[in-house]
Amino acid sequence: MAETCPHLAYREEGDGKSFETARAFCTVTGSFVQPMRADVCNARYGLDPATDCEFYVEPESIEDESDATDADR
Ligand code: SF4
C-alpha cells in the first residue's frame, strides 16, 4: 500500500519567500511541490510516489536531508 512520500516536507519559507501556511516541499528536487503533484506526494487516489513520481529516489541515500519534515510540529 502506498504511503506518503518520505521526501515530502512542509516548509513555511523558501525560494526567497515565506508563507503563512506551510507548503509541500520536495527534498529531492529542493523545490515546492506543485498542487497537482501533491496528490502523488501524499499517495492520494491510489497514486504511489515510488512509481508515479519521476523525482522519487530510494530514501536511504538522502534520509538525512529530510530533517525539516517535523520541524514545524
Ligand atoms: S513524490 Fe516526488 S515530488 Fe513528491 S516529495 Fe516525493 S519525490 Fe518529491
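This is a short tour of the predicted model above, stop by stop.

Before you start, note that residues are numbered from 1 along each chain as its sequence is written, and that side-chain values use heavy atoms, with hydrogens and water left out. Because the model is predicted, local features need pLDDT of at least 70 and side-chain atom pairs count only at pLDDT 80 or more, while totals for chains, interfaces and linings use all residues.

**Stop 1: the whole chain**

Show the cartoon and you will find two helices and three strands, in the order β-β-β-α-α along the sequence. Helices (H or I, at least four residues) and strands (E, at least two) are DSSP runs, numbered from the N terminus. Switch to a surface: the chain exposes about 5,200 Å², and carbon and sulfur atoms supply 46% of it. These areas come from the Shrake-Rupley method with a 1.4 Å probe, and for residues only the protein chains shown count as cover. Of the 73 residues, 32% count as buried, where buried means under 20% relative accessible area, exposed over 50%, and partly exposed in between (1.4 Å probe, protein chains only).

**Stop 2: the sheet**

Now select the strands. They make an open sheet with the order E1-E2-E3 and antiparallel pairing. E1 and E3 are at the edges with a single partner strand each, so one side of each has no neighbour in the sheet. Two strands pair if DSSP finds at least two bridges between them.

Zoom in on E1 (residues 8-14) and E2 (residues 17-26), which are joined over six bridges. Leucine 8 has cysteine 26 in E2 as its bridge partner, and alanine 9 stands opposite phenylalanine 25 in E2. At the other end of this hairpin, two residues lie between the strands, and aspartate 15 in the turn has a positive phi of about 55 degrees.

Stay on phenylalanine 25 and look across to E3, where phenylalanine 32 stands opposite. E2 and E3 pair in the antiparallel sense over two bridges. Four residues separate them in their hairpin; pick glycine 30 in the turn, with a positive phi of about 70 degrees.

**Stop 3: the largest pocket**

Next, select Cys26, Val33, Arg37, Cys41 and Phe55: of the 16 lining residues, these lie nearest the centre of the largest pocket. Strand E3 (31-32) and helix H1 (35-41) are the elements that give two or more residues to this lining, and H1 gives the most, with three. Colour the lining by class and you get eleven nonpolar, four polar and one charged residues. About 150 Å³ of space lies here. A pocket is an open set of points on a 1 Å grid over the protein atoms alone, where a 1.4 Å probe fits, with protein on both sides within 12 Å along at least five of seven lines; lining residues have an atom within 4 Å of a point.

**Stop 4: proline 6**

Finally, go to proline 6 in the segment before E1. Is proline 6 buried or partly exposed? At 33% relative accessibility, it counts as partly exposed. Draw a C-alpha to C-alpha distance from proline 6 to glutamate 60: they are 54 residues apart in sequence and 9.8 Å apart in space.

How values were computed:
Grid points are joined across faces, edges and corners, and a volume is the space filled by probe spheres set on the points. Ala, Val, Leu, Ile, Met, Phe, Trp, Tyr, Cys and Pro count as nonpolar, Asp, Glu, Lys and Arg as charged, and the others, Gly among them, as polar.
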